[in-house]
Each structure stands twice: as structure tokens, then as C-alpha cells.
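Dear colleague,

Please find below the structure that I am passing on to you. My notes on it follow.

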Amino acid sequence: MTGSEPKEFALVGVAMKRLVSGEQTEGQFCLFENRSGGQTKTPIHVHADDDETVYVIEGQLIAVVNGEARTLSPGESIFLKRGVPHQLMNPGNQPVRYILIGTPSVFQRFLAEAGRELQQGEMVGPPTAADIERLKAVAPRFGITLLPDWPPRE
């Protein structure tokens, strides 16, 4: 894989389409367009080796940073600094579309192992037990610590 062709992945119920790969930027960053149809949330987690920047294109996304929630609307962004616990959520039933930039491009490699590649036209559903176990197993190898309370207890 050269890393230049667009690929789409599923992770925690979110479709993530790679637009710019780490290979294209010499590892400086990777850029994804993410889509959630609703009822999604990432685990509360901390990155040790990379930062994330999120820019909302459509819908509303809730970013919880250090325990404080902030609703992001179209045109708004947030910088998620490494070492700071955070979570992204779309708790409603409305779609949200946002750009995610990982700096450096650690997130791309993490996603390739923790997520799964989508086939053309495939829809993303809720994460399965196997998806969650894969995420938990892969995260530490990429400097990502998953904090308690995820997945939510039913």
C-alpha cells in the first residue's frame, strides 16, 4: 500500500476516509474526513505521541476534553493536545461530518490496525465486541491509553 489512494475505515461506528496519508507528508500529519450517522462515541482516551485537530463540516459534534464538554458546530474546530484525556461524541440521530488531522501521522497507522477497512458502498454500524477487543489490544502499541467507562455499561 502506497498510502496515497483514498481508503475508508470503520472505527467505533464512525466512517473515516483517509484524504492525505502520512506517506504523502513524510509522517508530518494525516488527514481524514469522518462521518457518523449518530449514536457514536470514541472511548475516553489519551494520546502520548500525537495530537489531533478536529474541524466540523456538517452537524454537531461534542468534544469532551479533560471532563468538560464542548459542542462544535459547522465551521468550528478544536485542538486535542497529546496527554489530555478526550472523547468525541455524536449522541443524537443527526449525521455529523468532520475533518480529523493527526500530527504526526501516528493515527493513520493506529486506524489501519484498530479499525477495519470498508468495502465500497459498505455502511458503518455499531462496533461489535470483536471491534472493541481489537481496539483495546492495538491502542497501547500506538501510545493510546483507553480510560474507564468505555464501552458504556448497558
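Helices (H or I, at least four residues) and strands (E, at least two) are DSSP runs, numbered from the N terminus. This is a predicted model, in which local features need pLDDT of at least 70, side-chain atom pairs count only at pLDDT 80 or more, and totals for chains, interfaces and linings use all residues. Residues are numbered from 1 along each chain as its sequence is written, and side-chain values use heavy atoms, with hydrogens and water left out.

I begin with S36, which lies in strand β3 (residues 30-36). S36 counts as buried because its relative accessibility is 3%; buried means under 20% relative accessible area, exposed over 50%, and partly exposed in between (1.4 Å probe, protein chains only). Beyond residues up to four places away in sequence, S36 touches V14, N90, Q94, P95 and V96, where contact means heavy atoms within 4.5 Å. The side chain of S36 also reaches the backbone nitrogen of G38, at 3.1 Å.

By contrast, G67 counts as exposed, because its relative accessibility is 68%. G67 sits in the loop between β7 (61-65) and β8 (68-72). From G67 to R97 there are 30 residues in sequence and 23 Å in space, C-alpha to C-alpha.

Leaving aside neighbours within four places in sequence, F110 is in contact with residues including L11, L135 and F142.

With kind regards

Methods: Polar contact = N/O pair within 3.5 Å; in protein donor to acceptor, adjacent residues only side chain to side chain.
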